[in-house]
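My entries follow the model below.

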Amino acid sequence: MPELVEPAAAVERFDCPTCSAPAGNACRTRGGKVAPKYHTPRFMLFPQLRAELEVKTPADRGPGLAWEMGPAIDAAVPEAQAQPTRVGYARCSTAQQELQSQLDALAGAGCDPVFSEKISTRVKVRPEFVKAMDFARTIKKAVPDQRVIFSVHEMKRLAAPPNC
C-alpha cells in the first residue's frame, strides 16, 4: 500500500472492533460523542500505521460533538497478507548479559515490534512479556484472519510465567 496522505481516511474504511462505528465513521466515546482519536485495533489493520501511537480524528468530524452517521460506504475487506505479523520478545536474566544479539536476530526474522527486558525468570510478572502478549492479542482481535507469530530467539528466553 502506498504512503497514506490522510491516515484517518484509510482507517475509516473498516468497522471499528472496539466501538462498532461503521465504516466511514469516526470512533465514538462511551457517551456517543466523536472520539478525539481512533481506537488502536482499528488502525492496526494498516502496517504503516502500526507504529503510530494515535491517529487523530479529522477536524471535520468534530471531536467532542454528538455522533452522527456519516455517508454510507462499503466496508473494505482486509487484503490477504502474505506476510504474517511477527511480534518479537527478547530477554536476558541479568544486567550484565548482552541483549543485542537477540534483538538483531529478531529484527532479521522480520519481527516488528520487538519487546525486550533484562529480568530474571523467577520474577512472576514480566512487564515487557505482558505488553508483547497484549499487543499480539490486540492484533488478533482486530483482524481475526491475520496470522500473528510470537517469536523468541531461544525457547529458554520465553520461559513463560504461570497464568499467562
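Is phenylalanine 135 buried or exposed? I found phenylalanine 135 buried, because its relative accessible area is 18% and buried means under 20% (exposed is over 50%, partly exposed in between, with a 1.4 Å probe and protein chains only).

A note on sources: this is a predicted model, in which local features need pLDDT of at least 70 and side-chain atom pairs count only at pLDDT 80 or more, while totals for chains, interfaces and linings use all residues. Residues are numbered from 1 along each chain as its sequence is written, and side-chain values use heavy atoms, leaving out hydrogens and water.

Entry on the fold. I counted 5 helices and 3 strands in the protein chain, with the pattern α-α-β-α-β-α-β-α along the sequence. Both are DSSP runs numbered from the N terminus: helices are H or I of at least four residues, strands E of at least two. Of the 164 residues, 38% count as buried.

The 3 strands make an open sheet in the order 2-1-3, with parallel pairing; strands pair if DSSP finds at least two bridges between them. Strand 2 (114-118) and strand 3 (148-152) each have a single partner strand, so one side of each is left without a neighbour in the sheet. I looked up strand 1 (residues 85-92) next: 5 bridges join it to strand 3 in the parallel sense. Tyrosine 89 has valine 152 in strand 3 as its bridge partner.

Entry on helix 4. Helix 4 (residues 127-142) lies across strand 1, strand 2 and strand 3, at about 165° to strand 2. For such angles, axes are lines fitted to C-alpha atoms, for helices over the stretch in contact (heavy atoms within 4.5 Å), and the angles run from 0 to 180 degrees between N-to-C directions.

Entry on the rings. I got 4 aromatic pairs, where rings of Phe, Tyr and Trp (its six-membered ring) pair if their centres lie within 6.5 Å; planes under 30 degrees apart are stacked, over 60 edge-to-face, the rest tilted. Tyrosine 89 and phenylalanine 129 are edge-to-face, at 5.3 Å centre to centre and 75° between planes. This pair joins strand 1 to helix 4, 40 residues apart, and both residues are buried. Phenylalanine 115 and phenylalanine 135 have centres 6.0 Å apart and planes at 55°, so I logged them as tilted.
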